[in-house]
Amino acid sequence: MVWRTLALRRIPTQRCMSTTAAKVQVLGKSYPRDATTNITTSIIDKLERRLHQQPSHPLGILRSLIESHWPSFAHLSDFSPVVTPQRNFDDLSFPADHPGRSVTDSYYINKDYMLRTHTSAHEVQTFEKGERKWLLTADVYRRDEIDSSHYPVFHQMEGASIFAANAYGVQELQEDNPRLAEYLQKSNIIIEDIPHISPTNPRQSGHDPLQAELVAQNLKLSLNSLMLTLFGSNSRDEPLRVRWIEAYFPFTSPSYEVEVFFNGKWLEILGCGVVLQSTLERANVPNSIGWAFGLGLERIAMILYSIPDIRLFWSKDPRFLSQFEPGKITRFEPYSRFPPCYKDVSFWLPHASPGLHENDLCDAVRDSAGDLVEDVKMIDSFTHPKTNRSSQCYRINYRSMDKSLTNEEANAVHEQVISRLKESFGVEIR
């Protein structure tokens with residue numbers, strides 16, 4: 001699920017597509033382009049990497065660790081990243097005006113197909129197949145800014161557990177909850193809890209009040225035990241501190257976020273809640289109630305492994321990959337830190353331009369310079385009082401993870417970026 005808050009971005013934009021080919025090739029299949037198409041070459045090149053399926057990669061190791069926490073759940077990771085907007089949004093009750101649907105936020109192959117923006121794109125599909133307790137791991141795609149903690153491809157894991165909405169389901173919960181509670185009571189953990197259900201975080205109208213309370217409690221107990229598995233060994237003699245916060249997601253109610261106190265500060269780890277009944281009905285799962293959660297593997301891996309830059313997950317450098325092995329969480333040892341190389345680009349937008357969204361610019365920069373770009377920041381923006389033309393200035397930080405960039409090398413890459421901006425957006429370089 002999109003277990004994070006999405007900023008409302010409603011800036012009309014020019015589009016970042018430099019090719020005029022009538023079709024786009026994605027995972028060996030040809031799709032017709034249309035006015036919605038915004039997928040880029042650099043994104044298509046990432047589709048077959050599947051980092052979460054590599055057993056010695058830090059993301060694959062973390063995935064296996066979480067799967068081992070729920071050995072009885074189905075472990076799924078083979079869904080194609082190409083989905084329909086119906087699967088990605090409508091099946092999960094996303095509002096028609098939700099910002100996640102925008103071409104500035106998501107990658108569209110055309111109006112009928114897109115790259116999933118969250119693992120929940122397969123939630124209804126998984127329930128339809130008869131799975132009731134499962135973990136699903138996948139690469140997901142969102143247009144985003146460029147810095148050390150954001151990348152247009154990242155990996156999520158979603159989990160769900162469904163119970164019969166009858167006396168048998170109530171009994172199952174009444175047996176499982178005390179078992180989990182007893183385990184946590186014997187563990188070195190402090191939990192800052194909130195009411196399972198409240199007027200500001202209500203149960204769904206069709207749910208039995210007793211079972212809704214039991215399901216929310218089971219969700220919390222289950223995820224508190226997962227936090228122990230992930231972070232308990234790192235808390236040394238101090239108890240692991242976990243706190244629960246009310247949240248809103250369009251696909252669960254009640255909904256929560258979970259934070260862990262780690263290295264002196266509270267860190268958001270995951271979002272979760274009781275699955276909307278409408279989702280289960282779409283999947284033809286009648287007379288049932290259950291919970292789901294979603295977490296980002298990179299976010300947790302960067303914490304556990306002390307990995308400072310999200311680009312490193314995509315590195316093929318043996319100095320990075322050789323530091324990890326299945327079944328172990330080991331601290332990443334930086335093998336070098338190469339100097340940054342800053343370059344500015346300032347330009348006028350075309351006359352009568354509707355604006356240039358930062359995500360469009362970042363995609364153009366990524367497509368031209370790849371992972372040589374560490375971050376991009378707007379440092380100036382103004383409108384000329386006489387001509388009414390708009391100008392923007394961005395500072396691009398070029399820094400290779402594998403070697404020192406010479407100024408000449410950085411200049412050559414920067415010229416490619418400038419050419420791409422002129423070609424894609426018709427800007428006038430100042």
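What follows is a short chat about a predicted model of one protein chain.

Q: How many helices and strands does the protein chain have?
A: The predicted model has eleven helices and 17 strands.

Q: And how compact is the chain for its length?
A: It is as compact as a globular protein of that length, because its radius of gyration is 23 Å, close to the 22 Å that the globule rule gives for 430 residues.

Q: What does the C-alpha trace span along its principal axes?
A: About 70 × 45 × 45 Å.

Q: What share of the residues is buried?
A: Of the 430 residues, 55% count as buried.

Q: How far apart in sequence are the residues that touch?
A: Take the contacts between residues at least 6 apart in sequence. Of these, 71% join residues at least 24 apart.

Q: Switching to charges. How many positive and negative ones are there?
A: There are 47 positive and 53 negative charges. Their mean positions are 4 Å apart.

Q: Let's zoom in. Where is Asp317 found?
A: Asp317 sits in the loop between helix 8 (297-305) and helix 9 (318-321).

Q: Is it buried or exposed there?
A: Asp317 is buried, because its relative accessible area is 12% and the cut-off for buried is under 20%.

Q: Which side chain does the side chain of Asp317 make a polar contact with?
A: That of Arg319, at 2.7 Å.

Q: Which residues does Asp317 contact beyond its neighbours within four places in sequence?
A: Tyr335 and Asp402.

Q: Back to helix 8. How many of its residues are buried?
A: Eight of its nine residues are buried, and the helix is mostly covered. Among the buried ones are Leu297, Glu298, Ile300 and Tyr305.

Q: What comes just after helix 8?
A: Ser306 follows, and it takes a positive phi of about 60°.

Q: Which other residues have a positive phi without being glycine?
A: Asn263 has a positive phi of about 50°. Asn388 has a positive phi too, near 65°.

Q: Where is Asn263?
A: Asn263 lies in the loop between strand 11 (252-262) and strand 12 (265-275).

Q: Buried or exposed?
A: Asn263 counts as exposed, at 64% relative accessibility. The cut-off for exposed is over 50%.

Q: How far is Asn263 from Phe320 in space?
A: The two are 23 Å apart, C-alpha to C-alpha. In sequence, Asn263 and Phe320 are 57 residues apart.

Q: And Asn388, where is that found?
A: Asn388 is in the loop between strand 15 (373-383) and strand 16 (390-398). With 61% relative accessibility, Asn388 counts as exposed.

Q: Back to strand 11. What kind of peptide bond joins Ser253 and Pro254?
A: A cis peptide bond, with omega about -5°. Pro254 lies in strand 11.

Q: Last topic, Lys23. Which strand is Lys23 found in?
A: Strand 1, residues 23-26.

Q: What is Lys23 in contact with, leaving aside neighbours within four places in sequence?
A: Ser30, Tyr31, Pro32 and Arg33.

Q: How far are Lys23 and Leu361 from each other?
A: Their C-alpha atoms are separated by 23 Å. Along the chain, Lys23 and Leu361 are 338 residues apart.

Methods:
Residues are numbered from 1 along each chain as its sequence is written. This is a predicted model: local features need pLDDT of at least 70, side-chain atom pairs count only at pLDDT 80 or more; totals for chains, interfaces and linings use all residues. Side-chain values use heavy atoms; hydrogens and water are left out. Helices (H or I, at least four residues) and strands (E, at least two) are DSSP runs, numbered from the N terminus. The radius of gyration is taken over C-alpha atoms; the globule rule is 2.2 Å times the number of residues to the power 0.38. Buried means under 20% relative accessible area, exposed over 50%, partly exposed in between (1.4 Å probe, protein chains only). Contact means heavy atoms within 4.5 Å. Lys and Arg count as positive and Asp and Glu as negative; His and the chain ends are not counted. The place of a charge is taken as NZ of Lys, CZ of Arg, CG of Asp or CD of Glu. A polar contact is a pair of N or O atoms within 3.5 Å; within protein, one must be able to donate a hydrogen and the other to accept it, and residues adjacent in sequence count only if both atoms are side-chain atoms.
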